[in-house]
Amino acid sequence: MTTPELPPEETEPKERVAHPFRTLRELVDFVSSKSLPPAEPEEGLRTEALPFPFLAIVGQKEMKLALLLGLINPSVGGILLVGPRGTAKTTAVRSLLDILPKVDRSLCYYGCLPEDIETGGIDAVCPDCAKKYAEGQPLSAPDRVRLVELPLNARLEDVVGGIDERLAVTHERLRVRRGILAQADRNLLYIDEINLLADDIVDAILDAAAQGSYTVRRGPISATYHARFVLVGSMNPEEGRLRPQILDRFGLRVIVRGLDDLAERLEAYRRVQAYLANPRGMAVTYGEETLAAAEEIQSARAQLPKVLLPDKVAKPAIKLVQKMGIDSLRAEISWFEAARAYAAADARDKVTPEDLQAVAPMTLRLRRSQFMAEYFSSQEGEEVEMNTLLDRLKRK
Ligand SMILES: [Zn+2]
C-alpha cells in the first residue's frame with residue numbers, strides 16, 4: 001500500500017491493531033455514538049487546516065452512508081444533501097478529507113489514463129501520452145482523491161477554463177487554461193448552495209459529470225479535458241428551489257434534518273466544543289478508527305468490480321420503480337450502483353434484496369414528478385377525446 005508519493009506522517013506506525021468490527025458501517029455507527037473524553041484546549045491552531053473527523057459526526061446515518069457509498073462507487077451518480085442550515089452538511093463533506101481513497105492519477109494536463117487506451121485505443125489519449133505509452137513510461141501515479149470546492153462566485157470561465165493570458169503574452173502562444181472541472185477529474189467536487197448557482201454554470205457541470213469529459217472552444221483552439229468526478233451538492237430549500245432537471249442528475253438524495261434526540265444534541269455540542277478547543281487532539285482521538293475506515297473504503301473499492309447484481313434481484317426492483325411511477329432510468333441505475341457499493345462495503349460479491357432495501361430511500365425519493373403525472377393524465381384525456389371524435393366521424 002505504501003508508495004513514495006505518501007507524505008511521511010502516513011508511513012509511521014506499522015503495528016496497527018485490527019479493529020473488531022465486521023463492516024465499515026458497524027465501525028462508523030460505533031464510533032459516532034461513543035462519548036468523547038474531556039479535551040485539553042490547545043492555543044493558536046487554525047481549525048480549518050484540520051477537518052472535523054467524519055467519525056465524530058453524531059447521528060446523520062443516512063448522510064454518512066450516502067457519502068461513503070459515493071467514495072466506494074463513483075457510479076452512484078452524485079450526492080445531494082437537502083436540509084436547513086446548521087445540520088452539518090458542509091462539515092460532513094469536508095470531514096471526508098481524512099478517509100478519501102487513493103486512485104491512479106494522470107500525470108498529464110488533459111487527464112489521460114492508461115485505461116483510456118484499453119477502452120478507446122491510442123487515439124483516446126493526447127499525443128504526448130501516446131508517445132509515453134509506446135515507450136513504456138507510466139501515464140499515471142497513485143494519489144489520494146482530493147476535495148475540490150466550487151466557490152459560489154465562480155464564473156463560467158473559471159469552471160470550464162479560458163485562454164491562458166500569461167502564456168499568450170509571454171510565449172505568443174494560445175493555450176486553454178484548465179478550469180475547475182478539469183481539476184476535479186477523479187476527485188470529489190463539492191458545491192454548497194447549488195440551488196443558488198447560475199444556470200449556465202450548473203449545466204456545464206452536469207454535462208461534464210454525465211460525459212466524464214468536456215471540450216472548450218475559444219476561436220481557433222479547442223481542448224478536451226477529462227472530468228470524471230463525484231459531484232456532491234448541498235442546498236437549503238428555504239433559499240430557493242432546485243430545477244427538476246438538476247435534481248434528476250443526482251443519484252443519491254438525502255434529506256438532512258436536525259438531531260431529534262436530546263442526548264445526541266448534547267453529544268454533538270460537546271464534540272464541536274472539543275474540536276474548537278483542540279482540533280489536533282480531536283484528530284488524534286479519532287485517528288486510529290479514521291485510518292481503519294479509510295482502509296475499509298479502499299478495500300471496498302477494490303471489491304466493487306467483483307460485485308454482481310443477479311437478474312432475480314434486479315427484476316422485482318425495476319418493477320417497483322415502475323409501480324412508483326418513476327420514469328427516469330437514472331433511478332434504477334443509481335439504486336443498483338449504490339446497492340453494489342453497499343455489498344462491497346460488506347466484502348460480498350452479490351447484491352441481495354436487503355442491500356437494495358438499505359439504499360432504496362436515498363435513491364428513490366424526490367423522483368416522482370407531479371408535473372409528468374399530470375402531463376400524462378391530461379394526454380390520456382386528450383386521446384380519449386380524440387378517439388370519441390374519430391368514432392363519431394366514422395358513424396356519419
Ligand atoms: Zn495526455
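**Helix α15 and its packing partners**

User: Is the crossing of α14 and α15 left-handed or right-handed?

Analyst: This is a predicted model, in which local features need pLDDT of at least 70 and side-chain atom pairs count only at pLDDT 80 or more, while totals for chains, interfaces and linings use all residues. Residues are numbered from 1 along each chain as its sequence is written, and helices (DSSP runs of H or I, at least four residues) are numbered from the N terminus. A crossing is left-handed if the near helix is turned anticlockwise from the far one by less than a right angle, and right-handed if clockwise. For α14 and α15, the crossing is right-handed.

User: How are the axes of α14 and α15 described, as parallel or oblique?

Analyst: The axes, which are lines fitted to C-alpha atoms over the stretch in contact, with angles from 0 to 180 degrees between N-to-C directions, come within 10 Å and cross at roughly 140 degrees for α14 (residues 311–323) and α15. Angles under 35 degrees count as roughly parallel, over 145 as roughly antiparallel, 65 to 115 as roughly perpendicular and the rest as oblique, so α14 is to α15 oblique.

User: How many nonpolar residues are in the contact of α14 with α15?

Analyst: Two residues are in contact if their C-beta atoms, placed from the backbone, lie within 7 Å, and here Ala 314, Ala 317, Ile 318 and Val 321 of α14 meet Ala 331, Glu 332, Trp 335 and Phe 336 of α15. Nonpolar covers Ala, Val, Leu, Ile, Met, Phe, Trp, Tyr, Cys and Pro, charged covers Asp, Glu, Lys and Arg, and the others, Gly among them, are polar. By class there are one charged residue, no polar ones and, among the nonpolar, seven.

User: At roughly what angle do the axes of α15 and α16 cross?

Analyst: α15 passes α16 in a right-handed crossing. The axes of α15 and helix α16 (residues 353–364) come within 8 Å, and they cross at roughly 135 degrees.

User: How many residues of α15 are buried?

Analyst: A residue is buried if 20 or more other C-beta atoms, placed from the backbone, lie within 10 Å of its own, exposed if 12 or fewer, and partly exposed in between. α15 is largely enclosed by the rest of the structure, because of its 16 residues the buried ones number 13.

User: How far apart are the end C-alpha atoms of α15?

Analyst: The expected span is 1.5 Å times one less than the number of residues. For the 16 residues of α15 (residues 330–345) that span should be 22 Å, which agrees with the distance between the end C-alpha atoms, 22 Å.

Notes
Helix = DSSP H or I, 4+ residues; strand = E, 2+ residues; numbered from the N terminus.
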